[in-house]
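Student: Could you show me how to read a few features of a protein model?

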Amino acid sequence: MGFIAFLILGLIAGAIAKAILPGQQGGGWFATLILGVIGAFLGGWLGGLIFHTDFINSFWSISTWVTAIIGSIIVLLIWGAVTRRRA
């Protein structure tokens, strides 16, 4: 998967993860992009470890999107826990 496709996947996965999680998460679209890309990478890496497949190289696969969204949710939960402690 190319770099631009990875950014698009991360942005969409981050936006979906933000919509799924209840409450107010801080950050605008740029924070969503960064956290979504990190989450997509995390989800692809964890999915590859668990299922022994290559999720990162198949953009249109439903399993790629599901693992990216799950990874983004995990990253947003961690981000929410870190930012709540500061406040």
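Predicted model: local features only at pLDDT ≥ 70, side-chain atom pairs only at ≥ 80, totals over all residues.

Tutor: Residues are numbered from 1 along each chain as its sequence is written, and side-chain values use heavy atoms, with hydrogens and water left out.

Student: What length does H1 reach from its first C-alpha to its last?

Tutor: A helix is a DSSP run (H or I, at least four residues), numbered from the N terminus, and its expected span is 1.5 Å times one less than its number of residues. H1 covers residues 3-20 and reaches 25 Å, close to the expected 26 Å.

Student: Which residues of H1 are buried?

Tutor: Buried means under 20% relative accessible area, exposed over 50%, and partly exposed in between (1.4 Å probe, protein chains only). In H1, the buried ones are Phe6, Leu9, Gly10, Ala13, Gly14, Ala17 and Lys18. Seen down the helix axis, they fall within an arc of 160° (taken from the directions from the axis to the C-beta atoms), so they line one face of H1. Ile4 and Ala19, on the other side of H1, are exposed.

Student: And Trp45, where does that lie?

Tutor: In helix H2. Trp45 is partly exposed, at 47% relative accessible area. The buried residues of H2 include Thr32, Leu33 and Gly36.

Student: What comes after H2?

Tutor: His52, whose phi is positive, near 55°.

Conventions:
Helix = DSSP H or I, 4+ residues; strand = E, 2+ residues; numbered from the N terminus.
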